[in-house]
Amino acid sequence: MEDNFKMVAKTFFGFEEILAKELQMLGAQDVEQGVRMVSFKGDKGFMYKANLSLRTALKILKPIYFFKANNEQALYKGVSGVNWSRYINANQTFVIDATVHSDNFNHSEFVSQKCKDAIVDQFRERTGQRPSVDKAHPDLRINIHIDRDQVSVALDTSGNSLHQRGYRTATNIAPINEVLAAGVLLLSGWDGQTDFLDPMCGSGTFLAEAAMIACNIPANINRKEFAFEKWKDWDNDLFDNIVDSLLKRVREFHHTIKGYDKAPSAVQKAKDNIKNANLEEYITIEEKNFFDTEKTTEGKLHMVFNPPYDERLDIHMEEFYKNIGDTLKKNYPGTNSWFITGNLDALKFVGLRPSRKIKLFNASIEARLVKYEMYEGSKRTKFQVTEGE
């Protein structure tokens with residue numbers, strides 16, 4: 001049996017706890033939360049499983065070497081301390097991604113260049129040949145992380161960010177990142193036990209992620225490739241076995257997942273993406289303006305959406321957010337409504353008091369995930385009037 005080794009899953013701010021829970025549910029060992037990351041232990045099969053399954057991970061790194069460096073000579077020497085022929089051949093390609101938080105090193109580009117020199121020189125001295133750099137499709141993606149004088153060298157097991165699930169080809173004007181969407185859904189408590197609605201569905205990201213959570217479909221099952229498939233120890237049979245075992249855990253879904261959008265182009269893009277994800281049997285998408293709709297579900301409804309909130313979209317913000325609140329109040333009793341917005345000022349126009357507010361970031365924009373509980377019957381009046389928040 002192969003030994004367990006340490007890995008680091010990178011994520012967005014605010015998702016550390018749900019990522020740790022995902023890892024524990026998958027069977028990871030020694031799970032520890034950090035800032036925008038969670039470390040854990042597992043074997044090679046678990047590395048494959050984590051990349052395929054994790055909904056809130058952006059990338060999974062495999063640390064291979066640690067050392068201290070206060071200057072470029074120490075950095076060069078440290079990177080030279082790795083026997084790179086274990087991971088790559090002289091005729092292959094690599095790329096270095098550097099993250100630097102140190103007064104000793106000013107630029108990540110400079111760090112990448114110095115580390116590249118150390119690797120290339122090692123091969124040239126030993127073999128007379130040298131691997132070349134390929135930023136687009138490298139055989140090995142190396143991650144260098146410097147925090148003050150602590151240097152971590154890791155292999156990137158994932159390759160392109162794991163939000164690139166492989167199902168979304170059509171995007172609209174302001175699409176939401178798939179990992180952000182999945183994290184928002186998990187934070188909202190979505191578990192597939194009620195009907196679901198995204199009333200402003202755009203290109204359908206919340207719909208696809210909601211269906212995959214409800215049915216326990218692995219998040220990255222549609223992805224074309226992972227970085228580890230080019231590694232020297234790549235085990236195709238093991239990978240296929242992991243895929244088969246994950247697909248056996250897919251469960252049935254007995255409710256509805258609906259998306260509305262008022263733009264015909266968005267509706268078509270969403271339908272295309274849902275088809276790419278092989279999720280058409282679970283999801284229906286209709287051309288509707290949310291403000292003209294009412295609840296069609298008998299029992300509880302779980303609503304999650306990403307309303308427009310920036311200058312790229314031509315809307316009157318105060319009126320728009322007031323309409324959100326009015327529509328929820330009048331037409332959606334018995335609904336748990338969640339939405340994420342980067343326009344913190346606009347929230348006061350909703351006219352409802354949120355029962356929860358969670359700080360997140362959408363790209364570099366500080367955002368809030370807010371929850372509005374719309375009760376059936378008389379309790380609704382409790383949330384109908386609120387002072388300016």
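## Helix H3 and its two faces

On helix H3, the exposed residues Gln 73 and Lys 77 sit on the face turned away from the buried side; exposed means over 50% relative accessible area, buried under 20% and partly exposed in between, with a 1.4 Å probe and protein chains only. This is a predicted model, in which local features need pLDDT of at least 70 and side-chain atom pairs count only at pLDDT 80 or more, while totals for chains, interfaces and linings use all residues. Residues are numbered from 1 along each chain as its sequence is written, and side-chain values use heavy atoms, leaving out hydrogens and water. Helices (H or I, at least four residues) and strands (E, at least two) are DSSP runs, numbered from the N terminus.

H3 covers residues 72-80, and its buried residues are Leu 75, Gly 78 and Val 79. They lie on the same side of H3 because they cover an arc of only 95° around the axis, the arc being that of the directions from the helix axis to the C-beta atoms. Among the elements that cover these buried residues are strand S4 (59-68), H4, S7 and strand S8 (150-156). At the start of H3, the backbone nitrogen of Gln 73 has a side-chain oxygen of Asn 71 within 3.1 Å.

## The sheet of 8 strands

An open sheet of 8 strands has the order S2-S3-S1-S4-S8-S7-S5-S6, with mixed pairing; two strands pair if DSSP finds at least two bridges between them. Its edge strands, each pairing on one side only, are S2 (29-33) and S6 (132-133). Strand S5 (residues 93-101) and S6 run parallel and are joined by 2 bridges. Thr 93 stands opposite Ser 132 in S6.

Helix H4 (residues 108-127) lies across S5, S6 and strand S7 (140-147), and runs at about 140° to S5. For such angles, axes are lines fitted to C-alpha atoms, for helices over the stretch in contact, and values run from 0 to 180 degrees between N-to-C directions; contact means heavy atoms within 4.5 Å.

## The sheet of 7 strands

A further open sheet has 7 strands in the order S11-S10-S9-S12-S13-S15-S14, and its pairing is mixed. S11 (283-287) and S14 (356-362) are the edge strands, each pairing on one side only. From one strand to the next, the twist averages 20°.

S14 pairs with strand S15 (residues 365-374) in the antiparallel sense over 7 bridges, and Leu 360 stands opposite Ala 367 in S15. Helix H9 (residues 317-331) packs on the sheet and touches strand S12 (301-305), strand S13 (335-341) and S15. The direction of H9 makes about 170° with that of S13.

## Helix H7

In helix H7, the buried residues are Phe 239, Ile 242, Val 243 and Leu 246. Their arc around the axis is only 100°, which puts them on the same side of H7. Helix H2 (44-53) is included in what covers them.

## Ser 158 in its loop

Ser 158 lies in the loop between S8 and helix H5 (178-187). At 1% relative accessibility, Ser 158 counts as buried. The side chain of Ser 158 makes a polar contact with the side chain of Asn 51 (2.6 Å). A polar contact is a pair of N or O atoms within 3.5 Å; within protein, one must be able to donate a hydrogen and the other to accept it, and residues adjacent in sequence count only if both atoms are side-chain atoms.
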